[in-house]
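This briefing goes through a single model by topic, with the chain and its coordinates alongside. Please keep the structure open while reading.

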Amino acid sequence: MRIKNLRYDRYRKARDVILELNGLTVLIGPNAGGKSNLLDGFRFLWSAALTGDFRNPVAERGGILQLGWKGETRPPVTLAAAFLGEADEQFEWGVTLAPTSADFIVTEEILRRKPGTGKTILLRNYPNEKRWLNEAADY
């Protein structure tokens with residue numbers, strides 16, 4: 001399984017960005033243009049996947065307010081990774097974090113399988129209700 005792309009929405013300088021990863025990917029741009037933020041988003045997802053928790057990756061970056069896109073006040077932050085598996089099967093794992101008065105909450109964490117038509121939700125986390133659902137539904 002390999003990473004096909006990374007999607008960022010309101011993550012630091014990345015307002016709505018999809019970074020396609022095909023073989024060798026080279027990031028070129030001006031200083032302070034957001035290249036390091038794209039790499040950091042990948043490290044953020046990697047750290048969260050290893051630990052199963054978003055608290056440490058958020059804290060290591062100075063808190064949720066430091067993660068949000070600088071063009072808005074207290075925006076939700078979405079990060080996702082798409083994977084290409086065997087027989088060209090595609091999966092996506094993503095998370096949306098929203099600031100609260102004191103910290104942050106995970107408003108959605110989802111694992112999807114993407115067949116040729118539509119997307120099939122494999123697991124969706126409803127953290128406010130403290131439950132995972134195996135919805136297996138198209139949307």
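Which residue of β3 does Arg7 stand opposite? The model is a predicted one, and in it Arg7 stands opposite Ala80 in β3.

**Strand pairing around β3**

- β1 and β3 pair in the antiparallel sense, and seven bridges are found between them.
- β3 also pairs with β4 in the antiparallel sense, here over eight bridges, and within this pairing Leu84 stands opposite Gln90 in β4.
- β3 and β4 together form a hairpin in which five residues lie between the two strands, and Ala87 in the turn takes a positive phi of about 55°.
- Because seven of the eight residues of β3 are buried, this strand is largely enclosed by the rest of the structure.
- In a regular strand the side chains alternate between the two faces of the sheet.

**Helix α1**

- The buried residues of α1 are Asn37, Leu38, Asp40, Gly41, Phe44, Leu45, Ser47 and Ala48.
- An α-helix has 3.6 residues a turn, so residues three or four places apart point the same way.
- The elements against which the buried residues of α1 pack are the strands β1 (2-11), β2 (14-20), β3 (77-84) and β4 (90-99), together with the helices α2 (55-60) and α3 (64-67).
- Just after the helix, Gly52 takes a positive phi of about 75°.

- When its neighbours within four places in sequence are left aside, Asp40 is in contact with Tyr11, Arg12 and Arg61.
- Asn37 likewise has its place in helix α1, and because its relative accessibility is 15% it counts as buried.
- Apart from residues up to four places away in sequence, Asn37 touches Tyr8, Tyr11, Arg12 and Lys13.

- Most residues other than glycine have a negative phi, and most peptide bonds are trans.
- Arg10, which is found in strand β1, has a phi near 65°, a positive value in a residue other than glycine.

**A nonpolar surface patch**

- Which residues form a nonpolar patch on the surface? The patch is formed by Leu24, Val26 and Ile28, which together have about 400 Å² of accessible area.
- Leu24 has its place in the loop between β2 and α1, and because its relative accessibility is 76%, over the cut-off of 50%, Leu24 counts as exposed.

Notes:
Residues numbered from 1 in each chain as written. Predicted model: local features only at pLDDT ≥ 70, side-chain atom pairs only at ≥ 80, totals over all residues. Heavy atoms only, no water. Buried < 20%, exposed > 50% of the residue type's maximum accessible area, 1.4 Å probe, protein only. Helix = DSSP H or I, 4+ residues; strand = E, 2+ residues; numbered from the N terminus. Contact = heavy atoms within 4.5 Å. Patch = residues over 30% accessible without salt bridge, like charges linked within 9 Å, V, L, I, M, F, W, Y side chains within 5 Å. Areas by Shrake-Rupley, 256 points an atom, 1.4 Å probe, with all protein chains shown as cover. Salt bridge = Lys/Arg side-chain N within 4 Å of Asp/Glu carboxyl O. Pairing = 2+ DSSP bridges.
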